[in-house]
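User: I am new to this structure and would like to learn how to read it. Could you take me through it feature by feature?

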2 protein chains.
Amino acid sequence: MSEGTAPAAGEAAAVADEAARERLSYLRGSIDNLDAALVHLLAERFKCTQQVGELKARHSLPPADPAREAAQIERLRRLAEDARLDPAFAEKFLNFIIGEVVRHHRAIADRTQETGEPAEPAAG
Amino acid sequence: MSEGTAPAAGEAAAVADEAARERLSYLRGSIDNLDAALVHLLAERFKCTQQVGELKARHSLPPADPAREAAQIERLRRLAEDARLDPAFAEKFLNFIIGEVVRHHRAIADRTQETGEPAEPAAG
């Protein structure tokens with residue numbers, strides 16, 4: 001069986017693979033577009049949290065705000081569900097971003113002489 | 001000195017704090033808007049990588065593609081620089097996302113009987 005059908009089957013497989021590769025390339029184009037949008041939105045988000053950090057450091061506002069963070073997580077999980085994104089991943093994502101924000105706020109607090117206390121958390 | 005000026009200084013500080021709190025609330029509104037956009041773009045990105053995972057599993061395409069990943073990282077770092085986002089963070093972000101994609105692709109490969117090999121990486 002294999003000797004007669006192998007070449008045809010191989011050809012069909014090659015055509016299918018070619019179509020698959022084209023589809024892959026198409027999907028990757030979308031992924032690249034989305035990544036560019038994500039990077040730009042992240043840049044804008046950090047511009048906002050940078051200002052938040054400076055504001056808090058200048059006005060001795062509490063750097064951490066657990067109620068705000070809890071509300072952000074709850075809201076993002078809800079939005080994720082609506083968008084059919086794993087809510088646990090959305091929460092992980094926010095925590096990942098907050099980790100970077102904390103790093104930035106600490107750096108701002110270190111540069112700010114007006115307050116004596118170090119900046120902790122702050123989801124922004 | 002402190003007894004005569006303390007109330008006025010306290011009042012000025014209270015006004016400044018009120019303005020700071022208003023500004024904080026304004027910035028948080030922007031952060032919330034950006035987070036909603038980020039979550040929806042991430043949802044769309046996972047829809048793409050989900051299709052990539054299924055395609056690769058069905059067509060026995062190599063799950064990992066180091067050249068593609070290197071190009072993605074290079075491109076994102078460049079985009080981040082243009083947007084004044086820390087390129088190192090952009091790379092960290094992509095790796096964070098890829099980690100989740102790998103988890104998804106593994107799950108897809110586990111469900112796919114057509115290929116015998118497990119799905120590894122794949123930045124999408």
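## Reading the two chains

Analyst: We can begin with how the chains meet. This is a predicted model. In it, 51 residues of chain A are in contact with 52 residues of chain B.

User: How much area do chain A and chain B bury between them?

Analyst: Buried area is what two parts lose in accessible area on being put together, summed over both. For chain A and chain B the value is about 5100 Å², with 74% of it on carbon and sulfur atoms. The interface also holds twelve residue pairs in polar contact, both residues being at pLDDT 80 or more.

User: Which elements make up the side of chain A that touches chain B?

Analyst: H1, H2 and H3 of chain A each give two or more residues to that side. H1(A) has the largest share, with 30 residues. By class, this side of chain A has 28 nonpolar, seven polar and 16 charged residues.

User: Which residues have the most contacts inside the largest nonpolar core?

Analyst: They are Leu85(A), Phe93(A), Leu85(B) and Phe93(B), in a core of 62 residues. Helices H1 (2–58), H2 (66–82) and H3 (87–111) of chain A, and the helices H1 (2–58), H2 (66–82) and H3 (87–111) of chain B, each supply at least two residues of this core.

User: Now the charged residues. How many salt bridges are there over all chains?

Analyst: Side chains of opposite charge can pair when their charged atoms come close. The whole structure has 17 salt bridges over all chains, and the count between chain A and chain B is ten. One of these pairs is Asp35(A) with Arg45(B), where the closest N and O atoms are 2.6 Å apart. Asp35(B) and Arg45(A) also meet in a salt bridge, at 2.6 Å from N to O. Asp35(B) lies in helix H1 of chain B and Arg45(A) in helix H1 of chain A, so this pair joins two chains.

User: Are Asp35(B) and Arg45(A) buried or exposed?

Analyst: Buried means under 20% relative accessible area. Asp35(B), at 2% relative accessibility, counts as buried, and Arg45(A), at 0%, is buried as well.

User: What can be said of Glu100(B) and Lys92(A)?

Analyst: Their side chains meet in a salt bridge, 3.0 Å from N to O. Glu100(B) is in helix H3 of chain B and Lys92(A) in helix H3 of chain A, so this pair joins two chains. Glu100(B) is buried, at 3% relative accessible area, whereas Lys92(A) is partly exposed, at 40%. Salt bridges also link Asp86(A), Lys92(A), Glu100(B) and Arg103(B) in a network.

User: Where do Arg21(B) and Glu18(B) lie?

Analyst: Both are in helix H1 of chain B, three residues apart, and so separated by about one helical turn. Arg21(B) is partly exposed, with a relative accessible area of 42%, and Glu18(B) is partly exposed at 40%.

Methods
Residues numbered from 1 in each chain as written. Chains lettered and ligands numbered in written order. Predicted model: local features only at pLDDT ≥ 70, side-chain atom pairs only at ≥ 80, totals over all residues. Heavy atoms only, no water. Core = buried A, V, L, I, M, F, W, Y, C linked by side-chain atoms within 4.5 Å. Buried < 20%, exposed > 50% of the residue type's maximum accessible area, 1.4 Å probe, protein only. Helix = DSSP H or I, 4+ residues; strand = E, 2+ residues; numbered from the N terminus. Contact = heavy atoms within 4.5 Å. Buried area = accessible area lost by both parts, 1.4 Å probe. Salt bridge = Lys/Arg side-chain N within 4 Å of Asp/Glu carboxyl O. Polar contact = N/O pair within 3.5 Å; in protein donor to acceptor, adjacent residues only side chain to side chain. Nonpolar A, V, L, I, M, F, W, Y, C, P; charged D, E, K, R; others polar.
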